[in-house]
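Good morning, everyone, and thank you for making the time.

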Amino acid sequence: MRLLPVLFAVPALAQVTYQDLLKADPKDWLHYSGQYHSQRHSTLKLVNTANVSKLVPKWMYNIAGARRMESVPIVTGGVMYVSHPNEVYALDARTGRLIWDYHRQPALAKGPNRGVGVYGNRVYMGTPDAHLIALDARTGSLLWESKIAEASEGYWSPVAPLVIKDKVIIGIAPGDHGLNGFLDAYDANTGERLWRWHAIPKPGEPGNETWAGDSWKHGGGDTWLTGSYDPELNLIYWGIGNPAPDFDGDVRKGDNLYTECMVALDGNTGKLKWYFQFTPWDVHDWDAVEIPVLVDAPFKGKPRKLLVQANRNGYYYVLDRVTGEFLHGTPFIKNLNWATGLTAKGRPIRNEKVIPSFQGTKTCPATSGATNWMSPAYSPDTGWFYMVAQEGCGINTKSSDTFRPGGFPFMGTGYIESPEEPWQMYVRALDLTTGKLMWEYKQLNSRRYGAGLLSTAGGLIFAGDDQGFLTALNARTGKDLWHFNTGQPISTQPVSYLMDGKQYVTVINGSNVVTFGLFE
Amino acid sequence: MRILLFLLTTAAAAFAQPLKDYTIYRAPSRIVIDGTLDEAAWRNAPPVGDFVFNWFKTGDKEQTIAKMLWDDENLYVSWHCKDRHISAYEKKRHGPVSRDDCVEIFIGPNPAKVKNYYTFEINAIGTMLNRCRTDWWTGPPTWEPDGVRYRTTYFGLDKKDESEDDDHWVVELAIPLMNFKRDAANMPPRDGDHWRLNLNRIGGKTNPQASSWSPISPPLSGFHSPDAFGNVRFSHRTASGFDSGEAEAGRAIYNKSCTQCHGLNGEAGDRAPALGATRRYLRQTNEELYDAIKNGIKGTLMPAMPLPEGDLRRVIAFIRSLRATAIQVEVAGDLARGEQVFMAKGKCLDCHSIRGRGGLIGGDLSNIGAERSLQVLRSALTEPKPVAPRGFQPVRVVTNKGERIHGVLKNHNNFSVQVLGMDNKLHLLTREMIRDIQYEQESLMPGTFDKSLSAAELQDLLAFLSRQGGSRR
């Protein structure tokens, strides 16, 4: 085994230290969202607006049997780690050749999986049977596994773990089954659970009064998308999912804390530092899990530590991430009918008519969301926030529902696309602090959400789409400079890394890992 | 009147049992001849009914469930034989298989000359005997039909001895219809064509019984009695899995019992969904519907409904009828005249194709009756469509060379456009080749046939469209 690095001619697999995770050297892609602040901005600029037209495919790797993958690759020490439910593939990042693969048995059929975390010599992954597992990064052997929750109750984890210091932070899914969410921290070395924060407060705890009767018992509020971390404040920022039953709010009157919130948790203890609720008493399944992006920037002339989020409910929010104070909010979509605005505190002023009904209520944005898990990006070069928006409406219906243990939908019915306002995807650039639209790029004929963004110092925004295209846009103008048809819809976000002094861009489409570099 | 008719036709005693009748529906999907009857086509096909034990003395009357289907190429026959003593030994082609546990079909394609008939006799281990008992046959006593495929439960065994495990055995048979072309009026048969045939079962050691589908009454005796053959009619419909009379009775029961929540005639109601809609959570099979009505649907407002069993069955038939495709239901109108309207006055072939003829931009209608309900067909012909479905959105392109293209949009994005033109040609254009592109919303399909056609013509056209579909291998 010692010969392995020589045989494969890759750099020796260096241990990933906390310093590495903090620094997030642009030659690697160490976190789900690139860096702790989740800006998804690579400072690499070997590929840039001047030469992006020379970008060509360098290699592809097929994950047999996969479809609509939502995984983001992690790259470190010349190795790319790609996850699929129950599976991890370690690839030579230069050639796409397989080094090892791991297949969990028995393999529960639940997806997607959004990626791995790395630390030391370990690769961490959440599993369909609700475990956090650690693999040896050099061999793929299983080092330990920790049960997060009972899979038989319906819990599972699609979440790409967030590693901070010597802890692995991981959440669970899905709130649509009426299972109450929580966020866990595990010892990165031993797998021992260190703390758990419950997203739905129990009787006697603050916030429980926001749930009518016993409705908190199956309140949902899951934690299915990776959050961000501020090492200086030692705060974890995590978006919380929707309340259950999703569309029938009659049985859970109240604000339903901490569903649809951004929460800030102490990294050491998991204690709640602050929360901000985007959609109190949500009845449209607008999970607030969208990536919180941390930026230090002047706000109204004063330097602030900001947290911004484009929320599934259609509003773009600017918060103070030290205190959770609401600073600014504005719609980032044109078609929004469920609220008429936000109060000074950021609470929505609701249109009481836009509530799901037996016959169906036109709801804009649709439940699929004004945006969703597709990652946004922030470029410090332009000072703009880039995101993928879905315009259009849904018809939302409700009916009574009963919770059933074992992982069954507890939705109170659902939604369809509005025939009059069909869905259409856009890439939009927003001014960071005002949310003003700087440009938009219509992804013609792309209507299904899923593909997110990568910003690079080369002045580029890379965007996938439902048509399977990876497109490079000029970050300042939104003009498309290059595109490639990968052949399958893209439902995840691109990453960039450096090897042998060459910059690569990788995106996963339905079932293929596709890596691009400059033609030479 | 009925008795009089039989006196005339059979010249038999008044106690003669009436001949049986059966409708042979089209197979809605491919049938694999493997000796298992697990295809949806077989499940939905109605059985011919109980076999009659014409010469019964003592023993167990073990029943046979027989079904028939057809498509343009084959007549399909299946027998499911309840049998606790199964034995078969004859391996020789055209051997005396009727001494073994054996099934038979005797087919008279010409009802006016029923004495011209063809026989297929198959034992449990898969040996077949065929005869061609016609006035034109001059060959040997046995006959070699073309392309017959069949499987039996014990197919290929050297012998089958009786065993304690014996419960039932199955025969699945496909006979190419061309074997009957000398005696059949039409090949393939047309909607409503009338043939005569009988299905038989015989043989075995323990409890040997002889039974037939259509009864054989004195003075007739023995299976080779073409005058006793039952009446079968070929239908261009596929089997619906429900009876249309029951469905109509079920509508009345439904409108009395279910409309507190559901809407009248199965429409959406204040508190419950439309039952004809295509929602993935709707109960589909008869069993699921039965369970939902009988026991309610947990976690919803749907309560258990205390309906008598017969009413419950009728309501299920009604719900199934709401979801039936056009080919599964009775449609008034004249097929031949409807075809004329389709080809000529309706100008349907300008845009649509049917079995390889016609235009391309409107899509192929060769299977439309099996894909759409009658209601959807009618509204397609008579209602405006402000938003064209995906793949049929009209588009007008002007290229850099000044070429004007009018057609429907097959696909597009920011970089290229794929248009199927009114000229029935594909126009594949990149962004650089396009000077101007105009998207239109409204479908090119006229929704005005209730005005451009007479009521009778529209009904004939609907009848024709409704019968397009089913298996066409």
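This is a predicted model: local features need pLDDT of at least 70, side-chain atom pairs count only at pLDDT 80 or more; totals for chains, interfaces and linings use all residues.

**Two helices in chain B**

Let me begin with a pair of helices in chain B, where helix 6 and helix 10 are roughly perpendicular to each other, since an angle of 65 to 115 degrees counts as such. They pack at an angle of about 100°, and their axes lie 7 Å apart, the axes being lines fitted to C-alpha atoms over the stretch in contact, with angles from 0 to 180 degrees between N-to-C directions. On the side of helix 6 of chain B the contact, meaning heavy atoms within 4.5 Å, involves B:Leu335, B:Arg337, B:Gly338, B:Glu339, B:Val341 and B:Phe342, and on the side of helix 10 of chain B it involves B:Glu457, B:Asp460, B:Leu461, B:Ala463, B:Phe464 and B:Leu465.

Residues are numbered from 1 along each chain as its sequence is written, chains are lettered from A and ligands numbered from 1 in the order in which they are written, and side-chain values use heavy atoms, with hydrogens and water left out.

Staying with helix 10 of chain B, how far apart are its end C-alpha atoms? They are 16 Å apart, which agrees with the 16 Å that its twelve residues, 455-466, should span at 1.5 Å a residue, where the expected span is 1.5 Å times one less than the number of residues. Several residues of this helix are buried, among them B:Leu458, B:Leu462 and B:Ser466, and buried here means under 20% relative accessible area, with a 1.4 Å probe and protein chains only. Besides helix 6 (335-343), the buried residues of helix 10 pack against strand 12 (352-354), helix 7 (368-371), helix 8 (374-382) and helix 9 (449-452) of chain B.

Chain A, for its part, has two helices and 38 strands, and buried residues make up 66% of its 520 residues. Its C-alpha atoms fill a box of roughly 65 × 50 × 45 Å, taken along the principal axes.

Technical notes. Helices (H or I, at least four residues) and strands (E, at least two) are DSSP runs, numbered from the N terminus. Buried means under 20% relative accessible area, exposed over 50%, partly exposed in between (1.4 Å probe, protein chains only). Angles under 35 degrees count as roughly parallel, over 145 as roughly antiparallel, 65 to 115 as roughly perpendicular and the rest as oblique.
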